[in-house]
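Open the model in your viewer and keep the sequence panel beside it. This tour tells you what to select next and what is there.

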Amino acid sequence: FIMAKQVEQLEKEKKELQERLKNQEKKIDYFERAKRLEEIPLIKTAYEEQRVRDMELWEQQEEERITTLQLEREKALEHKSRLSRMLEDRDLFEARLKASRRTIYEDKLKQFQERLAEERRNRLEERKKQRKEERRITYYREKEEEEQRLREEQLLK
């Protein structure tokens with residue numbers, strides 16, 4: 001009986017605890033909802049104010065960007081006009097440089113062609129000598145074989 005009472009008491013306490021937690025949860029939920037309802041207009045006004053400030057800042061930065069681009073363009077045009085006076089000198093310098101390099105190139109090409117022709121002649125001459133030597137060796141070998149064959153025929157007779 002005491003155990004049953006104790007179990008009943010524990011269940012009663014458990015239900016009361018759950019009931020208190022449920023009520024506390026409802027209170028917190030209502031409070032949060034009310035807080036949000038109060039904050040929504042404040043958040044909207046803060047957002048609008050921030051948007052206006054951002055727009056003003058963007059317009060200001062855009063104007064600064066445009067003015068700096070205009071200044072850079074003016075400077076570039078000044079540099080172009082200043083450097084255009086040097087255009088003839090630059091062209092003359094390039095022409096001289098290209099001419100000197102072309103002569104160097106042509107000299108080197110001529111030397112290369114000469115060495116190439118000389119090497120070809122040497123190799124051709126070498127091949128000529130080699131073929132001549134091979135023909136001579138072949139001739140003597142064939143002559144010797146012919147003599148050998150004749151000797152063998154003579155021996156057979």
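A nonpolar patch, as the word is used here, is made of residues with over 30% relative accessible area and no salt bridge, whose nonpolar side chains are joined within 5 Å. Keep that in mind for a later stop. Note also that this is a predicted model.

**Stop 1: the whole chain**

Show everything as a cartoon. The protein has 2 helices and 0 strands. Its radius of gyration is 55 Å, well over the 15 Å that the globule rule gives for 157 residues, so the protein is more spread out than a compact globule. Turn the model along its principal axes. The C-alpha atoms fill a box of roughly 150 × 85 × 15 Å.

How much of the protein counts as buried? Of the 157 residues, 0% do.

**Stop 2: the annotated stretches**

Residues 3-34 are 100% helix and 0% strand. The end C-alpha atoms of that stretch are 46 Å apart. Residues 59-149 are 98% helix and 0% strand. Here the end C-alpha atoms lie 113 Å apart.

**Stop 3**

Select helix α1, residues 2-84. Show the side chains of Glu-32 and Lys-35. They meet in a salt bridge, 3.3 Å from N to O. The two residues are 3 apart in the helix, about one turn.

**Stop 3: the nonpolar patch**

Move to helix α2, residues 87-156. Select Tyr-105, Leu-109 and Phe-112. Together they make a nonpolar surface patch of about 300 Å². Tyr-105 sits in helix α2. Its relative accessibility is 48%, so Tyr-105 counts as partly exposed.

**Stop 5**

Color them by accessibility. Glu-119 is partly exposed, with a relative accessible area of 36%. Arg-123 is exposed, at 54%. The cut-off for exposed is over 50%, so Arg-123 passes it.

Next, go to Arg-149 and Glu-153. Their salt bridge brings N and O to 2.6 Å at the closest. Again the residues are 4 apart in helix α2, about one helical turn. Arg-149 is partly exposed at 38% relative accessibility. Glu-153 is partly exposed too, at 35%.

**Stop 4: a network**

Last, select Arg-90, Asp-91 and Glu-94. Salt bridges link these residues in a network. How many salt bridges does the whole count come to? The total is 11. You have visited some of them, including Lys-35 with Glu-32 and Arg-149 with Glu-153.

Conventions:
Residues are numbered from 1 along each chain as its sequence is written. This is a predicted model: local features need pLDDT of at least 70, side-chain atom pairs count only at pLDDT 80 or more; totals for chains, interfaces and linings use all residues. Side-chain values use heavy atoms; hydrogens and water are left out. A salt bridge is a side-chain nitrogen of Lys or Arg within 4 Å of a carboxyl oxygen of Asp or Glu. Buried means under 20% relative accessible area, exposed over 50%, partly exposed in between (1.4 Å probe, protein chains only). Patches are made of residues with over 30% relative accessible area and no salt bridge: like charges are joined within 9 Å, nonpolar side chains (Val, Leu, Ile, Met, Phe, Trp, Tyr) within 5 Å. Accessible areas come from the Shrake-Rupley method with a 1.4 Å probe; for residues, only the protein chains shown count as cover. The radius of gyration is taken over C-alpha atoms; the globule rule is 2.2 Å times the number of residues to the power 0.38.
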